[in-house]
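Trainee: I am new to this structure. Please show me how to read it, one feature at a time.

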Amino acid sequence: MAGVIKEFRLPDLGEGLTESEIVSWHVAVGDTVELNQIIADVETAKAVVELPSPYAGVIAELHEQPGTVVEVGAPLVSFEVAGPAGAPPSTGSAASGGDTGAPAKREPNLVGYGAAVEKGGRPERRARRFASQLSGGLNPAGGSALPGLAERAGSAPMIEAVPAVPAVPARPAFEAVPVAPVLEPAGPLPATPVRTISGERPRSTPPVRKLARDLGIRLEGVPGTGPGGLITRDDVLAAAQVASASDGVGTGGGVAPASVISSPATFIPAGAQDTARETRTPIKGMRKHTAAAMVASAFTAPHVTEFLTIDVTPTMELIGRVKESKAFAGVRITPLTIVAKALCIALQRNPTLNSRWDEAAGDIVQFNYVNLGIAAATPRGLLVPNIKDAQELSLLELAGALTGLTERARAGKTGPADLSGGTISITNIGVFGIDAGTPILNPGEAAILAMGAVRRMPWEYGGQIALRSVMTLSLSFDHRLVDGEQGSRFLADVGAILADPGMVLTMV
Amino acid sequence: MALKNIESVPGGPGEPGSGLIQLITADGVRVPEPAYDALVADIDGAALQGLYEDMVVVRRIDSEATALQRQGELALWPPLLGQEAAQIGSGRALRSDDFVFSSYRENAVAYCRGVDLTDILRVWRGNASSGWDPFAINMATPQVIIGAQTLHATGYAMGVLNDGDDAVAVTYFGDGATSQGDVNEAMVFAASFQAPVIFFCQNNHWAISEPVGLQAHVPIANRAPGFGIPSVRVDGNDVLACLAVTRQALARARSGGGPTFIEAVTYRMGPHTTADDPTRYRDANELEDWAAKDPLKRLEAHLDSRGLFDEAFTAAVKAKADAVAAELRAGCLGMPEPAPSDVFKHVYSTPNSWLDRQQDHYERYLSSFADSASSDGSS
């Protein structure tokens, strides 16, 4: 006897969430599952959670693929369960959407947030508040400036979603209240968590929060210098100065591709406020933090960039041999691995590059360890997590550390500890097919090395022209504490190792 | 980093250190503790097995409810995973006429009080504004306002004094709640009136995402003497020790000795609620450390060492847990939708003509939709 098909719809897994991303399925169509057996990993804006099966039965259909963002209430998986007689009483359960094809009568969201999620209209808690401020402040009579928004705000105070209101009227609402809300993130968080780095609201005091609000500074982007990272009045004022400085000069200079590769950086597309021909995104959060860091670095540390193009064919051959060796079975070895190792070796001979200008203390701090930052593309944008004490690692350990760092970054699990304490950085612009650039220093570091793409090019070899693997290295350094001589020697050393890995024997 | 240092000080707010009462070690070894052994002299093998069954069952209630939340049947659930011993040990020490004032995480205590399983879930399913009649099981419905229940308990205990009764009020709260003014006020009043109240603090190490070291630079139990309340620090993952210290505090309260503060040092192994992701703020190593001190595992080891952990016993425990889980699930899924007029219930304890009039109006208003009369009038 054929069983009954039960459809399971995505429930609200947090409090008032409207969508979740399927990370992975633990089951396939045809699998027999038990009640509460884990069938999927699902990521909400709040957490990655495991979904236990609501039925015992056979998987009849998986409605969505991993990586898909699914709205709460949308069909997720269908089960074939034993006949109607044995059906669990959950059939009519409103909360999980039941098994009928008809639209659920009650919203899947249980907690009283009550937002009717209309197609294309994502919940937008802030916008509604602006709308109500606007309607209350500018149109006391409930006037007609924003009829749609005002009416909704007035008539349905519990509804926090702005349904599919045309995007254009939403703009004036934001412009009418120019001061960005500073205390909470706006409603539509992207599927990937962006607050992981800070993890919590920045610490400050109410007067400082007010000052920040008055100045239009988002505290998320302000580094706190007070006890326990407390953001002080001075921090906010400093951030305000940086912000105004960047208004003047920030957009002018042709910033190299590598410039984005610094500090916690991410770009959140704010889809909610699109207009027809242009998109305006408030400068806030991570973007603002990145901008401040870039401006601080570019206009504090006098940058010098040097280039060196080398024949890295021997390095590529070395990689091939290492990969075949038993000790490195299953280990990911790339040009980046070798460049990282070469950098550590070259730093021993040129320690000036591994230092920091401590303006406040009036000192130059030379690090006797290497915390090697690696620019990594992550779901949150580009981050520079670093490998602690990289100078102590063998090539094998370094390869493992690089893989671990990259995987954590890709999974969006880079922790604050990974991001702090870097002493020098590598940015691998070669993966984008780029040859060279003028990278901007990760603030507080004295050097950053950009490695370009490895290209097969005609090159002088043994007195003849041959096709060789060629790479360009770009090194930016802080000219306050690194002279041209030291920077050049360092870059030459790295190049020498890549051109002939055997040269290491002459250096260590 | 500084917090870590505080945490690592022996006897610091997080670390079980000196002065921690323990009767069964993490390895399941019964260790003598002269001051407390007599208090649990009656706990024989069968009684220990009973405590073990309780802990297995409440852990199962907890995991089933968590699953129900993931399946969209509950809006939210606050898991108690890891805190079974603290709740069962103390909960089983109580007399039926004692009165419990708990937070939202004490579902194991509610289980000890004999709560109807479905009642545990009503609020979390959004079907009722409170779960049960407090006087039916002498336990107030869970308090969501952090620490407010300590005031209720102290007030209740002052009432007990006035009645000349020997019942005791027991209030449960977490380490985070000790930073609340309510809790401190409750302790001041409890001490002033020498009220028969037990402050049972489950230090589960995390106030949502804040580590205990942030709020308490000394063991939380050390604060109570400042209020004039004797305190004890107990291994909260040791069900027998929790039972013993609670019995001691109860005896003190019943004999006119006033309040006691118990700090049960335990660990919240799960998230704060199902809407929380502890991996964002908590070191996985810490969880691993505490998993080694799991309250169930140690009693398991202890029973096993005494030959009390045979197959028949484990099968019976599993059957009980399965039955409870099935009952819980059926009760959740079969819970009737609330009626619109339910909002008028439980507002006043006695009939109120004004409210009755409102209810009458409202019902007549609803009946004007008779054509489309369906159960979705509440949405």
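Mentor: Two strands pair if DSSP finds at least two bridges between them. This is a predicted model, and in it strand β3 (residues 32–33) of chain A and strand β6 (residues 57–62) of chain A run antiparallel, joined by two bridges.

Trainee: Which residue of β6(A) does A:Val33 stand opposite?

Mentor: A:Val33 faces A:Gly57 there.

Trainee: How many bridges pair β6(A) with strand β8 (residues 75–81) of chain A?

Mentor: Four, and the pairing is again in the antiparallel sense. Within this pair, A:Val58 has A:Glu80 in β8(A) as its bridge partner.

Trainee: What does the secondary structure of chain A come to?

Mentor: Chain A has 11 helices and 19 strands. Of its 508 residues, 39% are buried. Among contacts in chain A with a separation of 6 or more, 66% are between residues 24 or more positions apart.

Trainee: Now the helices. At what angle do the axes of α8 and α9 of chain B cross?

Mentor: Helix α8 (residues 148–163) of chain B and helix α9 (residues 181–193) of chain B have axes that come within 7 Å and cross at roughly 15 degrees. Angles under 35 degrees count as roughly parallel, so α8(B) is roughly parallel to α9(B).

Trainee: Is the crossing of α8(B) and α9(B) left-handed or right-handed?

Mentor: Left-handed.

Trainee: Which residues meet between α8(B) and α9(B)?

Mentor: On the α8(B) side they include B:Leu151, B:Met158 and B:Leu161, and on the α9(B) side they include B:Val183, B:Phe189 and B:Phe193. By class, this contact has 11 nonpolar, two polar and two charged residues.

Terms used: Residues are numbered from 1 along each chain as its sequence is written. Chains are lettered from A and ligands numbered from 1 in the order in which they are written. This is a predicted model: local features need pLDDT of at least 70, side-chain atom pairs count only at pLDDT 80 or more; totals for chains, interfaces and linings use all residues. Axes are lines fitted to C-alpha atoms, for helices over the stretch in contact, and angles run from 0 to 180 degrees between N-to-C directions. Angles under 35 degrees count as roughly parallel, over 145 as roughly antiparallel, 65 to 115 as roughly perpendicular and the rest as oblique. A crossing is left-handed if the near helix is turned anticlockwise from the far one by less than a right angle, and right-handed if clockwise. Two residues are in contact if their C-beta atoms, placed from the backbone, lie within 7 Å. Ala, Val, Leu, Ile, Met, Phe, Trp, Tyr, Cys and Pro count as nonpolar, Asp, Glu, Lys and Arg as charged, and the others, Gly among them, as polar. A residue is buried if 20 or more other C-beta atoms lie within 10 Å of its own, exposed if 12 or fewer, and partly exposed in between; C-beta atoms are placed from the backbone.
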